[in-house]
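Dear colleague,

Please find the structure below, with its sequence. My notes on it follow.

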Amino acid sequence: MEQNKIPQATAKRLPLYYRFLNNLFQQGKKRVSSGELSEAVKVDSATIRRDFSYFGALGKKGYGYNVEYLLGFFRKTLDQDEVTEVALIGVGNLGTAFLHYNFMKNNNTKIVMAFEANAEKAGTDIGGVPIYHIDELEERMQGVSVAILTVPATEAQNITNRLTDYGVSGILNFTPARITVPERVRVHHIDLAVELQSLVYFLKHYPLD
């Protein structure tokens, strides 16, 4: 099935399914029901069955889903066998945390370089990832097409312009700034302060009890 026929909401849930299925596989579990998946990833069973239906009838009534088959299917769908190299821009507190973590649980993405305006950090490395001065951005990118943005909001658009001029195709923006990019570039905005504020609002106004 062509990827562009999968709804974007479904596509965003695929990594959640993959991570849980991978954990099950590591534990030696052979099958899983949509109810178990629902409880684990906090998505209702009907939505899970609908998501899976876009890829054909993967489950069997009364049996559930074959974990190994599903894992292989989603690995292929998510290109888990193909590593995507990522550049991190901004080695402050959040950027440093990313370098220490470096998506070790997600084996198809890897931060391979970082850039920072602080000259004292340039020329060092964190978690084995080399840190270059921001002035070397275009010279060092070496074909990397995805970037994580963890710079001050005031610098976000300027850095974004340099990244898009270089030719990146995707930016994960952790700054509060709403950056502008060409149509060919996809941006995902993640504002941790807004997400936390939203969580508190829902806890207050839509309690689960």
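The residues that line the second largest pocket divide into nine nonpolar, six polar and two charged. Please keep in mind that this is a predicted model. In total 17 residues line this second largest pocket, and those that lie nearest its centre are G90, E116, A117, V151 and P152. Its volume is about 220 Å³. Three elements, α5 (93-101), β5 (109-116) and α7 (153-166), each contribute at least two residues to the lining of the second largest pocket.

Next, the sheet. Seven strands make up an open sheet with mixed pairing, and their order is β6-β7-β5-β4-β8-β9-β10. The edges are taken by β6 (125-126) and β10 (186-189); each has a single partner strand, so one side of each is left without a neighbour in the sheet. The partner of β6 considered here is β7 (residues 129-133), with which β6 pairs in the antiparallel sense over two bridges. In this pairing, D125 stands opposite P130 in β7.

On helix α8 (residues 192-205), I checked the length. The helix has 14 residues and should span 20 Å at 1.5 Å a residue; the C-alpha atoms at its ends are 20 Å apart, so the two values agree. Where α8 starts, D191 has a side-chain oxygen that reaches to within 3.1 Å of the backbone nitrogen of A193.

Last, the salt bridges. Five were found when the whole structure was searched. One of them joins R13 and D51, and the closest N and O atoms of this pair are 2.7 Å apart. Because R13 lies in helix α1 (residues 8-26) and D51 in helix α3 (residues 45-53), the pair ties together parts that are 38 residues apart in sequence.

Regards

Note on methods
Residues are numbered from 1 along each chain as its sequence is written. This is a predicted model: local features need pLDDT of at least 70, side-chain atom pairs count only at pLDDT 80 or more; totals for chains, interfaces and linings use all residues. Side-chain values use heavy atoms; hydrogens and water are left out. On a 1 Å grid over the protein atoms alone, a cavity is a set of points where a 1.4 Å probe fits but cannot get out, and a pocket is an open set with protein on both sides within 12 Å along at least five of seven lines; lining residues have an atom within 4 Å of a point. Grid points are joined across faces, edges and corners, and a volume is the space filled by probe spheres set on the points. Helices (H or I, at least four residues) and strands (E, at least two) are DSSP runs, numbered from the N terminus. Ala, Val, Leu, Ile, Met, Phe, Trp, Tyr, Cys and Pro count as nonpolar, Asp, Glu, Lys and Arg as charged, and the others, Gly among them, as polar. The expected span of a helix is 1.5 Å times one less than its number of residues. A polar contact is a pair of N or O atoms within 3.5 Å; within protein, one must be able to donate a hydrogen and the other to accept it, and residues adjacent in sequence count only if both atoms are side-chain atoms. Two strands pair if DSSP finds at least two bridges between them. A salt bridge is a side-chain nitrogen of Lys or Arg within 4 Å of a carboxyl oxygen of Asp or Glu.
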